[in-house]
Amino acid sequence: MPKKLSRMILILITMGLLIVPLGGFSEYFIRLLAMIFLWIGKTGCWNIISGYTGYIDFGAVGYYGIGSYVTALLMSKGHTPFLVSILVSGLVSASIALPIGLPTLRLRGAYFGIATLAFAEAMKQIILEFDKTAGVNFFEGPHGITLPMGPKNEFFYYIGFGVMMVVIGIAYWIKRSKFGYALRAIHEAEQAAELSGVDTLRNKVKAYMIGAFFLGVIGGVEAYWLTYITPHMVFDVLITIQMVVMSLLGGMGTVFGPVVGASFLTTVYELLHRDFPYTYTIIVGFIIVVVVLLMPKGIVGTLKTKVKT
Amino acid sequence: MLLFLQSLMNGILLGGIYASYSAGFSLIFGVMGVINIFHGEMVMLGAFLTYWIFTLFHIDPFLTVPLSFFSLFIFGYLIQRFVINRVVEAPPMISYLLTFGIHLIIAYTALGIWTADFRTVTTGYSGMNANIGGIIIPYARLATFVLALIVVAGLYFLLYKTEIGRAIQATAQDKEIARLMGVNIRQIYAITFGVGAAITGMAGSLISTYFIIFPQMGLSYTIIAFCVVVLGGMGYIPGALWGGLILGVVQSLTATYLNAGLSGALTFILLFIMLILRPTGILGKGIVE
């Protein structure tokens with residue numbers, strides 16, 4: 001496909017998506033699209049952290065959960081405006097990512113994955129037990145926090161759309177920047193990158209913090225949308241796993257992989273989950289196994305190689 | 001003082017349970033470098049095998065242990081031979097995802113067939129304890145502890161005293177050289193996975209006699225196995241015993257003296273600190289990538 005044409009198509013799709021809520025579609029359809037946008041956002045963040053560097057983060061939900069809690073606390077207890085809250089959510093997540101990322105990103109392979117998983121689970125347990133242990137009423141433990149009622153789905157449609165566009169934009173910018181080359185070099189051969197003068201730790205931590213920032217923002221957005229959160233909901237390890245699977249399906253380390261993977265899987269989920277809840281998960285399992293065995297580069301990656309050869 | 005000793009005892013017995021199902025995880029990682037996310041499902045399958053045989057035919061759970069061993073051996077052998085062997089040379093990421101896919105398939109198929117009901121295997125001796133100077137020791141847990149010791153000793157014997165064990169060790173150390181020496185690597189991988197699955201299934205059988213079992217129990221077992229194996233040292237088999245004991249005792253003492261909910265938080269904080277400071281485990285004999 002010529003470059004100009006594909007750019008035209010992209011612009012048309014974007015414009016189309018902007019006017020969808022005005023087109024009289026059902027509330028359900030708007031909600032589904034908004035959900036897809038937010039999944040693309042989350043998967044995009046995971047892809048920046050893990051797809052580009054090859055460091056598999058099993059604890060990404062930790063930052064999403066932190067973001068949800070920051071927004072929930074700010075809005076319910078501090079009556080802070082929504083946009084300020086989600087921004088603070090992002091900043092808090094990113095600033096926690098710094099001390100967590102510095103030691104863990106020195107670990108290799110499986111050790112990094114386990115350490116991040118331990119981090120996310122520890123966060124969940126701490127929020128669950130903090131109030132009881134300290135004798136206060138702050139995080140409300142397993143009872144969760146209720147946020148003020150939010151506006152209609154159209155609002156979250158546009159917020160989700162905006163966040164998604166920013167994440168995709170940043171992923172695109174990273175891919176083409178010097179920073180992106182450094183990350184790819186880390187993925188391919190970390191020691192060689194280090195010898196060529198790439199400050200590997202610094203670059204890895206930077207990618208990790210960017211991912212954490214937007215995961216925090218998205219956590220805040222979804223907390224407001226859900227209006228009620230508990231530690232079990234927002235620190236659910238299955239959220240991380242969805243991000244991993246969507247990235248893998250679409251193609252890790254590609255800009256549009258998360259778009260394809262998240263759209264596809266969220267749609268499959270909507271079609272199957274209500275009527276066949278177990279079947280959906282079993283099918284996802286089979287999809288993962290088949291994709292891993294037959295096209296480990298994901299949908300976008302496989303298409304790219306097919307086109308080239 | 002009695003409270004402390006009882007709590008210590010509970011921790012040691014819990015540690016034995018942890019060790020019994022974590023040794024296989026360590027073995028599989030040590031030889032193939034595969035982090036097996038469906039490890040907990042093998043515990044679940046062993047437990048459900050025992051449950052059904054006990055419920056349908058009233059056969060004592062302890063007599064089903066050999067059956068669990070053989071069934072899970074065949075299961076592990078086949079799944080490695082025909083599925084995981086295809087990606088064993090790929091980057092580790094690929095094998096996590098593959099085993100994660102298998103985890104979803106097994107856990108949710110089991111959920112579809114057996115429903116989410118909580119089940120227990122209650123035998124005539126389920127509540128029976130030994131009482132030594134006021135310290136209570138449940139027999140079933142003691143049996144698991146003994147099993148954990150036998151498993152670790154058995155693996156040690158297998159790895160160091162038999163021909164196959166030497167081939168497994170050679171493969172773990174350098175698979176290319178092992179291949180040059182005429183070792184059939186793929187066969188060795190399949191056998192290793194089979195053995196790992198078999199001992200895990202046995203642990204599952206025993207666990208069904210004192211813990212609640214349900215189809216989705218697996219993931220939490222996998223996570224504990226992670227912790228145990230990291231504490232003891234990845235790939236170092238006796239480490240599973242040390243890791244299990246440390247984790248069991250820490251959890252039991254926290255639950256007694258602080259608060260039961262905190263023991264979960266403490267587990268993960270301990271794991272996190274361990275990984276940062278000493279990724280080779282308490283004894284420093286684990287494998288580091």
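Guide: Helix 11 of chain A passes helix 12 of chain A in a right-handed crossing, and this description, like everything that follows, refers to a predicted model. Helix 11 of chain A spans residues 237–250 and helix 12 of chain A spans residues 257–273, and the two pack at an angle of about 115° with their axes 7 Å apart. On the side of helix 11 of chain A, the residues that take part are Q242(A), V245(A), M246(A), L249(A) and G250(A), and they meet G257(A), V260(A), G261(A), A262(A), F264(A), L265(A) and T266(A) in helix 12 of chain A.

The contact between helix 10 and helix 11 of chain B is made up of seven nonpolar and four polar residues, and no charged ones.

Returning to chain A, helix 4 (residues 82–104) and helix 9 (residues 200–226) of chain A have axes that come within 7 Å and cross at roughly 145°, with helix 4 of chain A passing helix 9 of chain A in a right-handed crossing. The residues of that contact divide into 18 nonpolar and six polar, and none of them is charged.

Helix 6 of chain B shows how burial is arranged around a single helix. This helix covers residues 163–173, and its buried residues are G165(B), A167(B), I168(B) and T171(B). They lie on the same side of helix 6 of chain B, because they cover an arc of only 160° around the axis. The face turned away from that buried side carries the exposed residues E163(B) and Q173(B). The buried residues of helix 6 of chain B pack against helix 1 (2–32), helix 5 (139–161), helix 7 (175–180) and helix 8 (185–207) of chain B.

Within helix 6 of chain B, T171(B) deserves a separate word. T171(B) has a relative accessibility of 2% and therefore counts as buried, the cut-off being under 20%. Setting aside residues up to four places away in sequence, T171(B) touches A178(B), V183(B), I185(B), I188(B) and Y189(B).

Y189(B) turns up again around N85(B), which has contacts with Q80(B), R186(B) and Y189(B) once its neighbours within four places in sequence are left aside. N85(B) belongs to the loop between helix 3 (65–82) and helix 4 (92–114) of chain B, and with a relative accessible area of 3% N85(B) is buried.

A search of the whole structure, over all chains, finds zero disulfides.

Notes:
Residues numbered from 1 in each chain as written. Chains lettered and ligands numbered in written order. Predicted model: local features only at pLDDT ≥ 70, side-chain atom pairs only at ≥ 80, totals over all residues. Heavy atoms only, no water. Axes fitted to C-alpha atoms, helices over the stretch in contact; angles between N-to-C directions. Helix = DSSP H or I, 4+ residues; strand = E, 2+ residues; numbered from the N terminus. Left-handed = near helix turned anticlockwise from the far one by under 90°. Nonpolar A, V, L, I, M, F, W, Y, C, P; charged D, E, K, R; others polar. Buried < 20%, exposed > 50% of the residue type's maximum accessible area, 1.4 Å probe, protein only. Contact = heavy atoms within 4.5 Å. Disulfide = S-S within 2.5 Å. Arc of directions from axis to C-beta.
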